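Thanks for coming. Please have a look at the model first.

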Amino acid sequence: MNAEPRGVSARARTIRPFVVMDVVARAKALEATGRDIVRLEIGDPDLPTPDVVVRAAEVAMEQGETGYTQSLGLPDLRDAVAAHYADRYGVTVDPANIVVTQGTSPAMLLLFGALLDPGDEVILPDPCYPAYPNYVSFLGGVPMHVNVRAEEGWRFRIDEVEAAITPRTRAIMVNSPANPTGAVMPPEDLAALAHLADERGVWVASDEIYHGLQFDEDEHTVLEFTHRSFVLNGFSKAYAMTGWRLGYVICPPGFVRACEKIQQNFFLCANAFVQAAGTVALTQAQGDVARMRAIYNERRQYLVPELQRIGLRVQAPPGGAFYVFCDARHWGEDSLALAYRLLDEAGVAVAPGMDFGPGGEGFVRVSYAASLERLREGVARLEKWATEHGHL
Ligand SMILES: Cc1ncc(COP(=O)(O)O)c(C=O)c1O
């Protein structure tokens, strides 16, 4: 599948490249030649980490919080996560069931590492965040894709999920608000999936990393609907902390020790002063989260109608995260080729939909983790390109 030299392990070969990172590299190369590129390809907040969080890390470092912590994470942070889930959603989480990680990404290794034996299956939406199938395959599992469709608001059809369950199914993965679509799962869908999972004896794994960035309706955690679940979450998006590397997994009690052992051996612990700052993020930065959410919402309200005006189809406008997933088939069927053309010819970087699975082909993902000024410039360039190429 990948052009890799002989000797590279079969396991490593199962990993598909993260194509958007190749787009990033090309955008940076063009910038290095002096070209101005409007960068709308990655999900990295342009807004700075809230001051109160930065100060907390500084204080923690000054106070010498620079050593290893418990592999499970600092008790204060685990308590703060539990309190956050109680305040926000009214659910009871035992801090003993929380394992702190260096971002949501390593939490996926703990989750799938603790859950999967070779040949075990995980049901994933297609399109979805590309790391999910890669983690599953890397650990010997089998990703089972179930289509979600723009015209249906990117919602799972429960009967299709049910039909995909086999004796080897271990988990159903949900991600709301979702990357790449920004779609929000209605609570009745979460309830129906939880019910199905309970009935069929499989787990629900819920990636809640975009919580805090949902615009229109109340947020719901899977824990409101079932305890047969794992929650993945982190600080990268809502708290604008991508580079800090902090996240966690909330596990069923029987899986805590397995996750702890993986964490102990592979990572030891998350950075001590980052964990201290994470506690402050949860307890003192909710106002900052609301402020940043309002900024993203303003951008969303500008961007979605503008993209539609210049001919990109957005059948299911996003309800959260900071992405618009646009049907661009009439600009070019091959989303990778189109992304490179838009980059080279229009000077606008977007993510090709094929990166998110076969169900994303023909789409491009536009990130609005960029200022309104840059979004306006990006739209103007795309409009000019579409006009010049006879698409408008
Ligand atoms: C759905 C989803 N989950 C997880 C991650 C990774 O987050 P982290 O920075 O916490 O590792 C991302 C990053 O883009 C994401 O979109």
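Some ground rules. This is a predicted model, in which local features need pLDDT of at least 70 and side-chain atom pairs count only at pLDDT 80 or more, while totals for chains, interfaces and linings use all residues. Residues are numbered from 1 along each chain as its sequence is written, and side-chain values use heavy atoms, with hydrogens and water left out.

The chain has 13 helices and 12 strands. Those are DSSP runs, H or I of at least four residues for helices and E of at least two for strands, numbered from the N terminus. The radius of gyration is 21 Å, close to the 21 Å that the globule rule gives for 392 residues, so the chain is as compact as a globular protein of that length. That radius is taken over C-alpha atoms, and the rule is 2.2 Å times the number of residues to the power 0.38. The C-alpha trace spans about 60 × 50 × 50 Å along its principal axes.

How much of the chain is buried? Of the 392 residues, 58% count as buried, meaning under 20% relative accessible area with a 1.4 Å probe and protein chains only. Take contacts between residues at least 6 apart in sequence: 73% of them join residues at least 24 apart. Contact here means heavy atoms within 4.5 Å.

Now helix α6. In α6, 7 of the 8 residues are buried, among them Y132, P133 and Y135. The buried residues pack against α5, β3 (121–126), β4 (142–147), β5 (169–175) and β6 (203–207). After α6 comes G140, with a positive phi near 90°.

Is T279 buried or exposed? T279 counts as buried because its relative accessibility is 15%. Apart from neighbours within four places in sequence, T279 is in contact with D76, L77 and A80.

Next, empty space. Rolling a probe the size of a water molecule over the atoms shows where empty space is left. On a 1 Å grid over the protein atoms alone, a cavity is a set of points where a 1.4 Å probe fits but cannot get out; a pocket is an open set with protein on both sides within 12 Å along at least five of seven lines; lining residues have an atom within 4 Å of a point. Grid points are joined across faces, edges and corners, and a volume is the space filled by probe spheres set on the points.

The largest pocket holds about 670 Å³ of space. It is lined by 32 residues, and F18, G43, S105, Y129 and K237 are the closest to its centre. Which element gives the most to that lining? It is α6 again, with 4 residues.

There are 4 cavities of 30 Å³ or more. The largest has a volume of about 180 Å³, and of its 17 lining residues P125, W154, N175, A178 and M185 are the closest to its centre. The second largest cavity has about 120 Å³ of space. Its lining has 15 residues, with H84, H211, N233, A238 and Y239 nearest the centre. The largest share of that lining, 3 residues, comes from α4.

That is the tour.

Key:
Buried means under 20% relative accessible area, exposed over 50%, partly exposed in between (1.4 Å probe, protein chains only).
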